[in-house]
Each structure stands twice: as structure tokens, then as C-alpha cells.
Amino acid sequence: MKAVVVYESLWGNTAAVAGAIAEGLGSGARALSTAEATPEAVAGAELIVAGSPVMAFSLPTEMMRKGMAEDSGKAPRPPDLSHPSMRAWLASLPPGAGRGRAAAFETRFRWSPGGATGAILRRLRRAGYASLGRKKFIIKGSYGPMRDGEFDRARRWGEELARAAGGEIKEG
Ligand SMILES: Cc1cc2nc3c(=O)[nH]c(=O)nc-3n(C[C@H](O)[C@H](O)[C@H](O)COP(=O)(O)O)c2cc1C
């Protein structure tokens with residue numbers, strides 16, 4: 001079975017969680033930024049795990065990304081905008097073309113209204129991937145690091161997903 005983990009990450013926390021999930025899925029799984037997750041890289045995936053940070057209670061918008069690039073005064077470093085938003089990546093998936101399962105995750109504060117996984121799963125369902133589950137991973141400060149133990153949780157969730165998807169993850 002081919003599995004890919006796709007992420008948007010402005011300060012690297014979501015990318016690191018994606019890497020831990022991929023480790024849990026098995027050695028054949030890869031964590032890809034939305035730029036690396038080209039149609040060719042995703043083709044034939046039977047499991048897509050997609051994740052993003054929660055910003056302003058939702059998936060980051062283009063306007064928020066632009067705003068943060070212009071005013072990253074409070075941030076430890078400028079946001080990494082080298083890859084598209086998860087919103088744009090999801091919008092690029094052809095409707096109904098996929099044949100597989102999906103799971104979604106978000107990095108976020110412990111207490112916050114809203115979230116990103118609902119929107120991610122809805123769009124992946126439209127693209128042909130039935131939902132398998134979702135998970136929240138908690139960040140300590142506004143820009144990281146992740147709370148202690150979150151990477152272990154991510155790895156274990158990857159293992160659970162591989163079992164639930166019912167197959168050995170092979171390189172694809
Ligand atoms: C401008 C801004 C708005 C944010 N809004 C929220 C929010 O509404 N809810 C939340 O839980 N976390 C919020 N966060 C925290 C982000 O979720 C956190 O920065 C993110 O997990 C970092 O992931 P990354 O390093 O992969 O970019 C916000 C962070 C920033 C910088």
C-alpha cells in the first residue's frame with residue numbers, strides 16, 4: 001500500500017509532526033510538503049494523511065500567509081512560504097479521482113475554537129478519499145516547540161493508521 005503524509009508548515013512544527021507520523025506508518029511512507037506532493041508523487045496513494053497549522057481558528061488563508069510574511073515581527077524567523085497553502089493543495093485535487101482513505105491532523109494551541117481537520121477531510125472526501133480519522137497535536141508557544149510527547153503520539157498514530165488502513169506501507 002502506498003501512503004503519503006502531506007503538510008503545510010510555516011515554522012516547521014507541522015513538518016516535524018508529519019515526519020513522525022510517516023515514521024509510524026512505516027519505512028515506505030514519506031512526508032511531503034504541499035510543493036513536493038505533486039500529482040505524480042500522490043498518484044496511486046491508498047492513504048493520504050494531510051495536516052496544517054490552525055490559524056485564526058481555521059486552515060491558513062492566502063491573506064493570512066501574506067500578512068505574516070509582511071509582518072513577522074513577533075515570529076522567531078520569517079514564515080516558510082516556499083510551498084503552497086494546504087487550502088490551495090486541496091483545491092488542486094481533481095474531484096472524485098482518488099481511490100483510498102484519508103486522515104487529517106492539525107497543530108494548534110491547547111485551547112482554541114475552530115480547527116483545520118474538518119475542512120481537510122471534507123475536501124479529501126470530495127477528491128475520493130474516505131475519512132479514517134483525525135488528530136490534534138498541541139504546540140507550546142505561538143511558534144513552537146510542540147508539547148512534550150507530541151512526536152511520540154504522532155508516531156503511534158501513524159502506526160494505528162497503518163493498521164486501520166490494513167496494509168503494509170510500501171514505497172510507491
Ligand atoms: C497569526 C497566528 C494565528 C494563530 N491562530 C491560532 C488559532 O486560531 N488557533 C490555534 O489553535 N492556534 C493558532 N496559532 C498557532 C499555530 O497553530 C501554530 O503557530 C502552528 O501550529 C505552527 O505550525 P508550523 O510551525 O507548522 O507553521 C496561530 C499562530 C499564529 C502565528
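Two strands pair if DSSP finds at least two bridges between them, and strands (E, at least two residues) and helices (H or I, at least four) are DSSP runs numbered from the N terminus. Everything here comes from a predicted model, where local features need pLDDT of at least 70, side-chain atom pairs count only at pLDDT 80 or more, and totals for chains, interfaces and linings use all residues. Residues are numbered from 1 along each chain as its sequence is written.

**View A. Strand S3 and its neighbours.** S3 pairs in the parallel sense with S4 (residues 100-108) over 7 bridges, and Pro53 has Thr107 as its bridge partner in S4. S1 (residues 3-7) also runs parallel to S3, with 5 bridges; look for Val6 opposite Ala50. In S3 (residues 47-53), 7 of 7 residues are buried (20 or more other C-beta atoms within 10 Å of a residue's own; exposed is 12 or fewer, partly exposed in between, with C-beta atoms placed from the backbone).

**View B. The largest nonpolar core.** This set of buried Ala, Val, Leu, Ile, Met, Phe, Trp, Tyr and Cys residues, joined through C-beta atoms within 7 Å, has 47 residues, and Val4, Val5, Ile21 and Ile48 have the most contacts inside it. Helix H1 (residues 13-25) gives the most to this core, 8 residues.

**View C. The loop between S3 and H3.** Ala56 sits in this loop with phi near 50°, and counts as exposed because it has 12 C-beta neighbours inside 10 Å. Phe57, in the loop between S3 and H3, has a positive phi of about 70°. Most residues other than glycine have a negative phi.
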